[in-house]
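Dear colleague,

I am passing on the structure we spoke about, and you will find it directly below. My notes on what was found in it follow.

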Amino acid sequence: MDFAFDARTEELRKQLLAFMDEHVYPAEAVADEQRAALDSPWETPPVVEELKAAAREKGLWNLFLPDRTYGAGLTNLQYAPLAEITGRSPRLAPTALNCAAPDTGNMEVLTEFGSPEQRRAWLEPLLSGEIRSAFAMTEPEVASSDATNIETRIRREGDEYVITGRKWYISGAMNPDCKIFIVMGKTDPDGEDIRRQQSMVLVPRDTPGVEVRRAMTVYGYEDHYHGGHAEVVFDGARVPVANLIGEEGGGFAIAQARLGPGRIHHCMRLIGMAERAIELMCRRAQERTAFGKPLAAQGVVHEWIADARVQVEQLRLLVLKTAWLMDTVGNRGAHTEIQSIKIATPRAVVDILDRAVQLHGAGGVSQDFPLAELWAAARTLRLADGPDEVHQRSLARRELKRFA
């Protein structure tokens, strides 16, 4: 990547690239070996803690958080190329830098909306990497891409809230280090304004009435490195009123604020995934012979590699423009571009990964290469953070308004 970023970003890029070569890539196989020997697949392999310690020592820690009080103080534009680099090893690199979802979004919520006590109790241990967290919004019985559909109830009784509902695909919840849930539910289900019915509360994992029921698979993967995607039942779980984040009825707005930076993070990591796929394609094409000549001499392979490079360069420019707009005019001013990257990036990266799988043959769908797992992760992002169709609807309506 030949962009001329500011001096601080360039220095962090150099440090992070070296960290990936020296620590992260060699740890990928080690982590798999260690995980196989653990009593539970949800435990964290020891090498991950070693990576975290090394990242902290090198100052590559909490890079995602723009608030200088708690994080590195980077803008979206400064963080974007760093997130791309971590996307080359999405299982290990984001966690090693304490920049992994859903913790990043939860830390942003607590930084912006949490009370001093909430920050002390939960934000500080998250920032230090002592614990993990989960964001409990999506539900199996409703179309959760429309948050107004959420059915979980958060009912006040005296000085407590009582939470009742069933959630699923709650990322990170299977990890035993996940100690806190941010739960979205309705405190005013019959309220006139459907966007003021929801609230968010902090629910410790060990609260009576909280049951982490099972791990949901994603294309057959349990996603052990990110703590899985769990079905969680809240059966009359009680927490103090002080566990409310912000104000009653503010849950929808907080969710929207949480999703903004996350879109940049996901899209830049996707570009990192695509870059690794291109690298693997080129190496495979040079090393593999079929029908009397290297795959690199096959015309269709030329097309796949060339098209992948063009797509990645286009996507990177669009994502960097979006990051710059978010920094300069805010999320509202960057609405069109945010929707655009959410539509374009996962689609294109899935396509690139699909071609990389094809080039690797049976190896592409095996555990011997990271491509199948990368494909599953990229394809899932066409649903997570809102399906493509939601972003298309929003973007099209905005375009149509210009000509109304």
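How many helices and strands are there in the protein? In this model, which is predicted, the protein has 12 helices and 10 strands.

On overall form, a compact globule of 404 residues would have a radius of gyration near 22 Å, and because the protein has 21 Å, the two agree. The C-alpha trace spans about 75 × 60 × 45 Å along its principal axes, and 53% of the 404 residues count as buried. Among the contacts in the protein with a separation of 6 or more, 74% are made by residues 24 or more positions apart.

As for the surface, the protein exposes about 18,100 Å², of which carbon and sulfur atoms supply 51%.

One stretch has an annotation: UniProt, in an unreviewed entry, lists residues 134-235 as "domain: Acyl-CoA oxidase/dehydrogenase middle". In the model this span is 48% strand and 0% helix, and its end C-alpha atoms lie 18 Å apart.

The buried residues of helix 5 include Asp-103, Asn-106 and Glu-108, together with Met-107, Val-109 and Leu-110.

With kind regards

Technical notes. Residues are numbered from 1 along each chain as its sequence is written. This is a predicted model: local features need pLDDT of at least 70, side-chain atom pairs count only at pLDDT 80 or more; totals for chains, interfaces and linings use all residues. Side-chain values use heavy atoms; hydrogens and water are left out. Helices (H or I, at least four residues) and strands (E, at least two) are DSSP runs, numbered from the N terminus. The radius of gyration is taken over C-alpha atoms; the globule rule is 2.2 Å times the number of residues to the power 0.38. Buried means under 20% relative accessible area, exposed over 50%, partly exposed in between (1.4 Å probe, protein chains only). Contact means heavy atoms within 4.5 Å. Accessible areas come from the Shrake-Rupley method with a 1.4 Å probe; for residues, only the protein chains shown count as cover. UniProt positions are given in the numbering used here, feature names are shortened, and annotations may be inferred rather than shown by experiment.
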